[in-house]
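Dear colleague,

Please find below the sequence and structure that I am handing over to you. A summary of what was found follows directly after it.

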Amino acid sequence: MEDKTLQKKGLLGNFLNGKFWDSKSTSANVTKRELWLGYVAGPFGVMLLQSIVNSYFNQYLTDVLGFTVSRGPGLPSSWSGSPS
């Protein structure tokens, strides 16, 4: 029997079926591409995502909730449930 993959309709239907997304390891040794992804691109992506989320969170706290410098120090104790 032949192993056929299901062809999905739509613009991005078969987007993840490409060779780029094949994560199966074919060698016992770590390649340069895997090293760059694991030690440079991966941590950089995480730090970039964290900074973007943090900037939106900071803008939400200041613009929507109205936190200022004087209200900032009480923020962690109000979220933990402990009396301030």
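Helix α1 covers residues 32-64, which is 33 residues in total. From its first C-alpha to its last, α1 reaches 46 Å, close to the 48 Å expected at 1.5 Å a residue. Please bear in mind that this is a predicted model.

When its neighbours within four places in sequence are left aside, Leu 37 is in contact with Gly 42 and Pro 43. After α1 comes Gly 66, and the phi of Gly 66 is positive, near 75°.

As for the segment before α1, Leu 12 is found there. Leu 12 has a relative accessible area of 61% and is therefore exposed, the cut-off being over 50%. Leu 12 is also one of the residues of a nonpolar patch on the surface, together with Leu 11, Phe 15, Leu 16, Phe 20 and Trp 21. The accessible area of this patch is about 790 Å² in all.

Turning to the protein as a whole, it contains two helices and zero strands. Of its 84 residues, 6% are buried. The accessible surface comes to about 8,300 Å², and carbon and sulfur atoms account for 63% of that surface.

With kind regards

Notes: Residues numbered from 1 in each chain as written. Predicted model: local features only at pLDDT ≥ 70, side-chain atom pairs only at ≥ 80, totals over all residues. Heavy atoms only, no water. Helix = DSSP H or I, 4+ residues; strand = E, 2+ residues; numbered from the N terminus. Expected span 1.5 Å × (residues − 1). Patch = residues over 30% accessible without salt bridge, like charges linked within 9 Å, V, L, I, M, F, W, Y side chains within 5 Å. Areas by Shrake-Rupley, 256 points an atom, 1.4 Å probe, with all protein chains shown as cover. Salt bridge = Lys/Arg side-chain N within 4 Å of Asp/Glu carboxyl O. Buried < 20%, exposed > 50% of the residue type's maximum accessible area, 1.4 Å probe, protein only. Contact = heavy atoms within 4.5 Å.
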